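Please look at the sequence and the model below, then read on.

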Amino acid sequence: MRVLLVRPPVYRHVTAQVRSYAPVGLATVAAGLRAAGHEVALLDAELGEHEEKLGRGVLRRGTSDDEIRARVVELAPDAVGLSCMFAVSMPAIVDLAKLVRPLFDGPLVAGGYAATSDPEYLLERTPIDAVILGEGELAFPRFLKEWPDAERIVPQHWEPDLESYPRPAYDLIDFDAYRKFETVFVGLPQEDVNVRSVGVQSSRGCPVGCNFCSVQLISGTPLRRRDPKSFVDELVRLRDDFGVRKVHFFDDNLTLNRDHALAVFREMAERCPMTWVATQGTGAWNWDDELLDAAKASGMLYLSLPIESGSEYVLHKIMHKRPLKLRQVKDVVRMCREKSIPVFAWVIIGSPGETKEDMEKGLYLLNQLDVDYRIASVVTPYPGSELFDECREKGYVDLPLEFERLRMAQGMITTPEFSAGYTTARVAAWTMRGRLKVGQGLGTALAKCYRAHGAGATVRASYLAAIEWYRYSRQGNEP
Ligand code: B12
Ligand code: SF4
């Protein structure tokens with residue numbers, strides 16, 4: 001069969017900024033389809049110059065409907081798979097499904113986090129024939145084999161051995177198209193921006209069970225690890241065959257197993273050191289001197305540290321992030337300082353059960369920590385998370401969810417302790433204060449840059465900082 005995989009255009013709130021990363025999830029599904037003998041094309045509608053105001057504060061960015069229509073007609077697929085990753089992009093999927101359905105005859109399928117969290121939503125409101133839950137690389141080919149007798153909601157299946165999965169079809173990715181999104185925040189090292197980058201996974205799964213997190217929907221709870229040698233072989237291939245210079249670890253919890261992370265970093269340092277960032281953040285509890293040294297040697301640009309809360313009661317009893325102790329956060333930040341590793345830390349406020357005092361503890365801790373970049377945001381109840389289920393049962397969120405309001409600066413939860421308006425305003429006020437601080441710190445950072453790297457690098461850093469500063473002040477506190 002000829003299968004077309006499509007990522008929808010970005011639908012975002014005017015105040016939110018969305019970066020587009022290479023669609024590695026779809027490239028992985030493509031590899032599974034190819035291994036089963038199908039021909040695959042990929043259309044990333046996040047790319048493109050089309051911009052449109054959709055009303056209710058939503059902007060659309062990427063490929064226009066006419067361009068999508070023309071491409072589908074040109075490719076004449078026998079089946080189409082839509083990537084439905086984020087709850088916030090549900091409206092985009094609904095529009096996309098209606099657009100492509102009349103253009104071909106075979107099955108129209110959706111997969112990804114948001115599709116997995118609420119398949120009925122899509123089946124009831126769109127002409128989508130089936131939703132494939134969980135990982136798609138083996139499930140989609142199996143579905144096509146069974147079609148038209150396949151189930152409309154295809155249950156999850158996790159292969160225990162990650163090495164048995166096909167490697168992503170990187171040849172389907174236009175790496176250069178994503179270079180412009182490869183920027184970093186003010187205060188963090190301005191290195192390796194505008195380079196070819198891609199998301200990689202050395203493991204999948206996380207058993208911690210934080211109440212706000214939905215990664216278990218796709219990856220499952222047991223940790224499944226790749227062989228560090230084979231993982232680094234893939235990095236070498238990305239570097240040598242595709243010119244990739246930077247990777248984003250898309251592991252659900254990269255440092256959950258300390259020995260695995262150490263083995264990966266050491267293998268990288270030895271055979272393929274490359275700038276990297278753990279987009280998703282890493283738990284503080286497993287970092288120590290040895291692991292930080294190995295991470296730095298392998299190319300870690302900065303440490304992403306999700307602190308989540310300044311109250312251990314909230315962390316452990318409400319969020320269920322039991323392994324994390326606040327003492328460890330302070331130790332890790334201190335160690336990073338000693339090793340000149342920049343740190344990016346964040347907290348989220350507004351969980352049910354939290355008090356206003358608990359929220360202040362988190363914001364205070366974030367202000368006190370000697371980190372390079374910090375963000376406070378309001379916790380978001382994503383469907384598929386325990387948090388969403390609790391809010392729905394207790395009436396703490398307005399239903400049906402307005403998907404376009406799901407963003408980090410927007411409170412949606414109202415409890416007996418606080419309102420959604422309160423958390424929105426509190427985070428906005430904290431961010432305003434932070435902006436003044438960033439402005440003050442900029443001069444010092446540029447002076448350091450001049451001393452370390454000379455005039456050329458400083459001019460470049462000033463230019464990038466000006467762009468980032470402009471975006472930052474225009475668009476609120478969302479990365
Ligand atoms: C990288 C990442 C990003 C990147 C880029 C994502 C991208 N567009 O590729 C950035 C930083 C831009 C991003 C932004 C956001 N993200 Co994000 N992100 C991730 C992260 C860390 C990795 C995703 C990934 O690429 N995984 C690796 C690949 C191999 O897997 P995959 O893409 O999931 O694909 C597999 C399956 O999903 C499935 N599949 C996917 N598509 C399809 C299609 C078909 C047809 C089929 C059959 C199967 C299928 O098969 C694939 C192979 O197994 C995940 C968490 C995680 N660890 O997975 C969060 C995650 C997906 N993000 C999340 C969120 C909330 C967001 C934001 C809304 C945050 C915010 N408030 O701004 C924004 C939304 C952006 C937008 N477009 O509007 C949530 C989603 C929750 C939800 N239900 O909405 C997650 C799960 C994190 C979490 N802890 O809860 N994100
Ligand atoms: S530790 Fe991270 S990946 Fe694991 S459940 Fe919590 S937020 Fe999700």
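## Ligand 2

The shell around ligand 2 is made of Cys206, Val208, Gly209, Cys210, Cys213, Val215, Asp252, Asn253, Gly283 and Lys321. A residue is placed near a molecule or strand if its C-beta atom, placed from the backbone, lies within 6 Å of it. By class, this shell holds five nonpolar, three polar and two charged residues. Ala, Val, Leu, Ile, Met, Phe, Trp, Tyr, Cys and Pro count as nonpolar, Asp, Glu, Lys and Arg as charged, and the others, Gly among them, as polar.

The model is predicted: local features need pLDDT of at least 70 and side-chain atom pairs count only at pLDDT 80 or more, while totals for chains, interfaces and linings use all residues. Residues are numbered from 1 along each chain as its sequence is written, and chains are lettered from A and ligands numbered from 1 in the order in which they are written.

## Ligand 1

Ligand 1 is surrounded by 46 residues, and the closest are Gly25, Gly81, Gly111, Glu135 and Gly136. Two or more residues each come from strand E2 (10-13), helix H1 (24-35), strand E6 (79-83), strand E7 (108-111) and helix H4 (113-117). Helices (H or I, at least four residues) and strands (E, at least two) are DSSP runs, numbered from the N terminus. H1 gives the most to this shell, with five residues.

The shell around ligand 1 divides into 24 nonpolar, 15 polar and seven charged residues. Because domain 1 (2-154) and domain 2 (182-440) both give residues to the shell, ligand 1 lies between them. The domain bounds come from an automatic or database domain assignment.

## Overall make-up

The protein has 15 helices and 17 strands. Of its 479 residues, 47% are buried. A residue is buried if 20 or more other C-beta atoms lie within 10 Å of its own, exposed if 12 or fewer, and partly exposed in between, with C-beta atoms placed from the backbone.

Among contacts with a separation of 6 or more, 74% are between residues 24 or more positions apart. Two residues are in contact if their C-beta atoms, placed from the backbone, lie within 7 Å.

## The sheet of six strands

Six strands form an open sheet in the order E3-E1-E6-E7-E8-E9, with parallel pairing. Strand E3 (39-44) and strand E9 (153-154) stand at the edges with a single partner strand each, so one side of each has no neighbour in the sheet. Two strands pair if DSSP finds at least two bridges between them.

Strand E1 (residues 2-7) is joined to E6 by four bridges in the parallel sense. Within this pair, leucine 5 stands opposite glycine 81 in E6. Helix H3 (residues 90-100) packs on the sheet and touches E1, E6 and E7, and its direction makes about 165° with that of E6. Axes are lines fitted to C-alpha atoms, for helices over the stretch in contact, and angles run from 0 to 180 degrees between N-to-C directions.

## The sheet of three strands

A second open sheet has the order E10-E13-E14, again with parallel pairing. E10 and strand E14 (275-277) are at the edges, each with a single partner strand, so one side of each is left without a neighbour in the sheet. From one strand to the next, the twist averages 25°.

E10 and strand E13 (residues 246-249) run parallel and are joined by four bridges. Serine 197 is opposite lysine 246 in E13.

## Strands E16 and E17

Six bridges pair E16 with E17 in the parallel sense. Alanine 345 has arginine 374, in E17, as its bridge partner.

How many of the residues of strand E17 (residues 373-378) are buried? Six of its six residues are buried. In a regular strand the side chains alternate between the two faces of the sheet. Both faces of E17 are covered, with Tyr373, Ile375 and Ser377 buried on one side and Arg374, Ala376 and Val378 buried on the other.

## Backbone exceptions

Most residues other than glycine have a negative phi, and most peptide bonds are trans. Tryptophan 147 and proline 148 are joined by a cis peptide bond, with omega about 10°. Proline 148 lies in the loop between helix H6 (139-146) and E9.

Asparagine 194, which is not a glycine, has a positive phi of about 55°. Asparagine 194 is in the loop between E9 and strand E10 (197-200), and counts as partly exposed because it has 14 C-beta neighbours inside 10 Å. Serine 340, also not a glycine, has a positive phi of about 55°. The loop between helix H12 (326-338) and strand E16 (343-349) holds serine 340, which counts as exposed because it has 7 C-beta neighbours inside 10 Å.
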